[in-house]
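Here is a short report on selected helices and their contacts. The structure comes first, then the details.

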Amino acid sequence: SPDQLYLAVFDYGGHAVYSPSNAPFLSRNGLKLLVFNVAEALEAECPPSVFVSDERSELAGINGLKNWENLDDWLSYIYLTAPKERLKISKPKELFVPLVSLVATHKDKAEQTHGQRIDKWLTRQSDYIVDKLKSKEVAQHILPGDGYIFTCVDNTLSGECIQDKCDQGVRWLKKLIETVASDMCHPVPVRWLMIGKVVKDLRSGGDIIVVYQNLRAMTAELKLIRDGKELAEALEFLSDQGLLVTQFLHWRGTRQ
């Protein structure tokens with residue numbers, strides 16, 4: 001029904017080694033939740049990563065990066081990868097897509113460490129990020145959090161109240177996602193969904209890659225799209241739904 005929202009959720013690996021494979025899945029649509037551990041000082045060095053192969057082993061920190069530097073790298077990566085445009089949402093602040101929400105997890109661990117001073121610690125972490133983002137264009141893409149520039153989440157609780165205990169951060173995120181999704185939703189032609197079948201037919205020979213020119217020719221022949229611009233929009237929509245992966249390559253001034 002019109003009152004229901006169906007979300008496609010992608011869980012990206014935050015390790016630097018995964019960043020190249022994330023690029024095809026990043027678009028101007030949707031909301032990017034950038035998650036970090038608020039219990040760790042942002043100016044501290046990144047903790048060791050765990051790599052799972054035949055054996056479990058610890059790797060050194062990400063090239064000696066600080067926690068903030070790693071977070072800033074991902075902000076810049078999202079900002080540079082996806083197209084940018086203005087978006088009017090139900091907030092007083094003017095924002096641009098792609099939209100980003102900073103999610104600070106492990107509030108429970110921070111409380112164990114700082115006790116009564118937890119509010120002071122969270123304010124310190126928030127002010128640190130705000131200061132680092134001064135004069136950076138990516139700041140225009142970040143949605144406000146729940147009292148801070150980020151939304152705090154207690155990893156021991158959920159958004160549903162159980163025995164009068166619930167996490168306000170998760171509830172805030174749910175409300176935020178509903179607002180953003182409602183403002184970004186727009187109708188699309190049903191014929192766009194037929195493009196997925198065309199892609200499947202073009203792959204009938206076993207190829208995992210479909211050449212853009214071949215797809216454009218077939219969709220035009222079947223009268224599924226009007227022009228290249230509409231095809232690009234349709235492919236972005238299908239990619240956002242997880243139905244296919246699109247990657248445009250710029251070769252000698254042409255988009256392919």
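## Asn 67

In which helix is Asn 67 found? Asn 67 lies in helix 2 (residues 67-81); helices are DSSP runs (H or I, at least four residues), numbered from the N terminus. Because its relative accessibility is 13%, Asn 67 counts as buried (under 20% relative accessible area, 1.4 Å probe, protein chains only).

Asn 67 touches Glu 40, Ala 41, Leu 42, Ala 44, Glu 45, Cys 46 and Pro 47, leaving aside residues up to four places away in sequence. Contact means heavy atoms within 4.5 Å.

## Basis of the model

This is a predicted model, in which local features need pLDDT of at least 70, side-chain atom pairs count only at pLDDT 80 or more, and totals for chains, interfaces and linings use all residues. Residues are numbered from 1 along each chain as its sequence is written, and side-chain values use heavy atoms, without hydrogens or water.

## Helices 3 and 4

Helix 3 (residues 107-114) packs on helix 4 (residues 118-132) at about 120 degrees, with the axes 9 Å apart. Axes are lines fitted to C-alpha atoms over the stretch in contact, and angles run from 0 to 180 degrees between N-to-C directions.

Helix 3 supplies Lys 107, Ala 110, Glu 111 and His 114 to the contact; helix 4 supplies Ile 118, Trp 121 and Leu 122.

## Helix 7

Tyr 212, Leu 215 and Thr 219 are buried in helix 7 (residues 212-221). They sit on the same side of helix 7, because their arc around the axis is only 65 degrees, taken from the directions from the helix axis to the C-beta atoms. Their cover includes helix 6 (195-202) and helix 8 (228-240).

Just after helix 7, Lys 223 has a positive phi of about 60 degrees.

Definitions and conventions. Helix = DSSP H or I, 4+ residues; strand = E, 2+ residues; numbered from the N terminus. Buried < 20%, exposed > 50% of the residue type's maximum accessible area, 1.4 Å probe, protein only.
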